[in-house]
Amino acid sequence: MDRVQIDDPDHARRSVADEPDRRAFGLRKIIHVDMDAFFASVEQRDDPSLRGLPVAVGGSAGRGVVAAASYEARRFGVRSAMPSARAVQLCPDLIFRKPRFEVYKAVSRQIRAIFLHFTPHVEPLSLDEAYLDVTDDVRGIGSATRIAELIRQRIRAETGLTASAGVSYNKFLAKIASDQNKPDGLCVILPGEGAAFVAALPVRRFHGIGPRGAEKMARLGIETGADLRARDLDFLRTHFGSVADYLYRAARGIDLRQVRADRPRKSVGGERTFERDISSGPMLRETLETIIAIVWDRIERSGAKGRTVTLKLKFNDFTPFSRARSLPRAIADKAEFAALARELLDAQLPLPRPIRLMGLTLSALEADTPGHPADTGAAPVLQPELPF
């Protein structure tokens, strides 16, 4: 079964039958803000000679991986997590810049301060995106859409960067909306419009459905949200296992997850499913190096520090396998993370049978609560019926 991944595994495991009545939660006003090509845009901002040119942030040599690509590079098919060698094949004039994570983190803190001016209910997903619950209009602005507009204006004025935003009544729809008019766009999905909006979308636009998941759905005759909605829950559980309930809800524009401020991150990781099963030691080691680069990039982007490295394998009969190694302290750097990952793989070689998936995860994370900016003193004005 091809993997369909979502950002909240607990949400995927919850049964539709177990969910409380949606009306008990009331109608929320959710904004999802996503910076446009964040790392690459910071590089173009700080070096005007790069503006309008195809730029990639990441390593350009050896097993380098693209961490971010400008929109000029994306027109050639360059994407994040792509091997740099492949990116250069697609775009020979691609300009590489080494990541400057301390700069990106500093800009991210600026953006977070802007969010917190409008609501204390901010759930960061990474350095460059977050959910905001603005159901309580603490600044008396008058509408969720206007709040999103003001946030985007302040981000541009204070950082010189652009952001796209989606406004809707749940997290799933707000995230889809933020991608609708990128870059530098705004999209609003009003109450009563969610199901119809989702029905018209290709399933590859659903958050968490990657290329392989979309290919599997196409083989099953599922191309759009409407096609997905036409399949019953038993069909989805047969073909998609633990994420079936998520797909069932998503096809109907339903998402009961709440925005959780300072949500604790449990792990940072990544994995790859192969086009063909692999078993040879050299190929396994080469694949591991690519995954190390991708996952360490995510670790640096998130600012996470952890003690445990887990190697995940899935054999060609879909049997999962994992092994972990923990240190008494946080892993110091990429070299130490890579060394532990290599030890875990080498201990399993030769494998009893080929694998179709490999992944790495950093867990046992240290708590990292960003500081909140001081309140500006404006009196909160609570408006539970804030319009969109």
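Reader: What volume does the largest cavity have?

Author: A cavity is a set of points, on a 1 Å grid over the protein atoms alone, where a 1.4 Å probe fits but cannot get out. Grid points are joined across faces, edges and corners, and a volume is the space filled by probe spheres set on the points. Here the largest cavity has a volume of about 90 Å³, and the structure holds two cavities of 30 Å³ or more. This is a predicted model, in which local features need pLDDT of at least 70 and side-chain atom pairs count only at pLDDT 80 or more, while totals for chains, interfaces and linings use all residues. Residues are numbered from 1 along each chain as its sequence is written, and side-chain values use heavy atoms, with hydrogens and water left out.

Reader: Which element gives the most to the lining of the largest cavity?

Author: Lining residues have an atom within 4 Å of a cavity point. Helices (H or I, at least four residues) and strands (E, at least two) are DSSP runs, numbered from the N terminus. H5 gives the most, with four residues. The lining residues include Val 33, Ser 108, Arg 112 and Asp 128.

Reader: How do the lining residues divide into nonpolar, polar and charged?

Author: Ala, Val, Leu, Ile, Met, Phe, Trp, Tyr, Cys and Pro count as nonpolar, Asp, Glu, Lys and Arg as charged, and the others, Gly among them, as polar. In this lining, seven are nonpolar, two polar and three charged.

Reader: How many salt bridges does the structure hold?

Author: Side chains of opposite charge can pair when their charged atoms come close. The term salt bridge is used for a side-chain nitrogen of Lys or Arg within 4 Å of a carboxyl oxygen of Asp or Glu. The structure holds 23 of them. One of these joins Lys 182 and Asp 36, at 2.6 Å from N to O. Lys 182 lies in the loop between helix H7 (171-178) and strand E8 (186-188), and Asp 36 in the loop between strand E1 (30-35) and helix H2 (38-46), so the pair ties together parts 146 residues apart in sequence.

Reader: Is Asp 36 buried or exposed?

Author: Buried means under 20% relative accessible area, exposed over 50%, and partly exposed in between (1.4 Å probe, protein chains only). Asp 36 is buried, at 3%, whereas Lys 182 is partly exposed, at 22%.

Reader: Where do Arg 154 and Glu 158 lie?

Author: Both lie in helix H6 (residues 144-159), four residues apart, about one turn of the helix.

Notes: 1 Å grid on protein atoms, 1.4 Å probe; cavity = no way out; pocket = protein on both sides within 12 Å on 5 of 7 lines; lining within 4 Å.
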